[in-house]
Amino acid sequence: MEREEAMLAASSMYYLQDIKMDTIANHLHMSRSSVSRLLRDARDSGLVEITLRPTPTRGPGLAKKIETCFGIATHVVPVADLADETERLEQVAKATARMVTGWFDSDMIMGVAWGTTLAAISRHLGKKPTRGSAVVQLNGAANVRTSGVEYAGNLIANFGDAFDAQVHLFPVPAFFDYAETRNAMWSERSIVRVLEYQRRADIALFSIGAIAGEVPSHVYSAGYLEAGDIETLDSEGIVGDVCTIFLREDGSYEDLSMNARATGPTPAELRAIPRRICGVAGDNKVVPLLAALRAGVITDLVIDEQTATKLVEHVMELKEGAASAEELAFQERQSDAEQSDVAQSAAEPATAG
């Protein structure tokens, strides 16, 4: 009984009063190691029970709404409400890296884009040796300031190292100066070889490029676009990109002049790849993410809880706005019809009684 009382006293001071072990030892006239054994025995006997209470998360509900709306698999990553965008990005990168490691296997080809999010994902990859697999770069990375080899090459190499996979770099600019040059390069055998690996990919891994934000996308912050290009983005209503292919808010891209010079796969080409994984974090990604969803390029979305919340809210606002506009148009049609009836009645001759 005396030992049980000592266990209770030590546990109360340590767990409830937050008193340090040295102070408890002095108070109970015993050694620090004896206090440690009392606390251990208190846990083993059930006198002390330690419960982890996870932070409430809206993740499952948000995932269900996104899946229902867009028909894609969605994993919402819970993060603290006060987490900044850098922390949110890291948590999404970790979750995406775990999923990719689980899905990628021997005799598979994975196409990988580059950018801020992809660089973070590459740092969190687990080691999974495979056989006969390959990793191919999806879009060129060179610009007038750098060859892009050190940045994109190291990023793609991280994926190759993680899976013991053969690596295929894409040694072309992110954007050609002229569409004609791009078209000519696409017939070169060395480029055709890489394009063929891209077309045979089982998995595509990419993120969403956003023009602004706390954590800007690499294509907009690292000198890939000239001043004239930025003006073109604004004039053509571009909200972001996927694999350096630019999108409008409605998901359209075919007639955008910048895309004729871009080197990434188009949404139509991406849709031919069975599994298309997109990792997204950041408030600035909501509008371009919606554009990508409308373009149908995503099959598996990994997104942090705050960004998912804002995406769902944005979609609901658009639906409410569309409903209001439809109701207003209906009312206007009704009003026009009533006025037409009144005018027609006034024009008809009176019938003698």
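Contact here means heavy atoms within 4.5 Å. On that basis, among contacts in the chain between residues at least 6 apart in sequence, 73% join residues at least 24 apart. The model is predicted.

**Overview**

The chain has 353 residues, and 47% of them count as buried. It holds 14 helices and ten strands.

**Helix α1**

Helix α1 covers residues 2-16, which is 15 residues. From first C-alpha to last, α1 reaches 20 Å, close to the 21 Å expected at 1.5 Å a residue. Its buried residues are Ala6, Met7, Ala10, Ser11 and Met13. These lie on the same side of α1, because they cover an arc of only 170° around the axis. Glu4 and Leu16 sit on the other side of α1 and are exposed. A general point explains such patterns: an α-helix has 3.6 residues a turn, so residues three or four places apart point the same way.

The cover over the buried residues of α1 includes α2 (21-28) and α3 (32-45). After α1 comes Asp18, with a positive phi near 60°.

**Helix α4**

Helix α4 runs over residues 59-70 and has twelve residues. At 1.5 Å a residue they should span 16 Å, and the end C-alpha atoms are 16 Å apart, which agrees. Gly59, Leu62, Ala63 and Ile66 are buried in α4. They cover an arc of only 100° around the axis, so they share the same side of α4. The other side of α4 carries Pro60, Lys64, Lys65 and Thr68, which are exposed. Just after α4, Gly71 takes a positive phi of about 70°.

| Helix | Residues | C-alpha span, first to last | Expected span |
|---|---|---|---|
| α1 | 2-16 | 20 Å | 21 Å |

**Packing of α1 and α2**

The axes of α1 and α2 come within 10 Å and cross at roughly 145°. The crossing of α1 past α2 is right-handed. On the α1 side, the contact is made by Ala6, Ala9, Ala10, Met13 and Tyr14. On the α2 side, Met21, Ile24, His27 and Leu28 take part.

**Packing of α5 and α6**

Helix α5 (residues 85-103) packs against helix α6 (residues 116-123) at an angle of about 60°. Their axes are 8 Å apart. That angle makes α5 oblique to α6. Here too the crossing is right-handed, with α5 passing α6. From α5, Leu89, Glu90, Ala93, Thr96 and Ala97 make the contact. From α6, the residues are Thr116, Thr117, Ala120, Ile121 and Arg123.

Gly115 lies in the loop between β2 (109-112) and α6. Is Gly115 buried or exposed? Gly115 is buried, because its relative accessible area is 8%, and buried means under 20%. Along the chain, Gly115 and Thr244 are 129 residues apart. Their C-alpha atoms are separated by 9.9 Å.

Methods: Residues numbered from 1 in each chain as written. Predicted model: local features only at pLDDT ≥ 70, side-chain atom pairs only at ≥ 80, totals over all residues. Heavy atoms only, no water. Helix = DSSP H or I, 4+ residues; strand = E, 2+ residues; numbered from the N terminus. Expected span 1.5 Å × (residues − 1). Buried < 20%, exposed > 50% of the residue type's maximum accessible area, 1.4 Å probe, protein only. Arc of directions from axis to C-beta. Axes fitted to C-alpha atoms, helices over the stretch in contact; angles between N-to-C directions. Parallel < 35°, antiparallel > 145°, perpendicular 65-115°, else oblique. Left-handed = near helix turned anticlockwise from the far one by under 90°.
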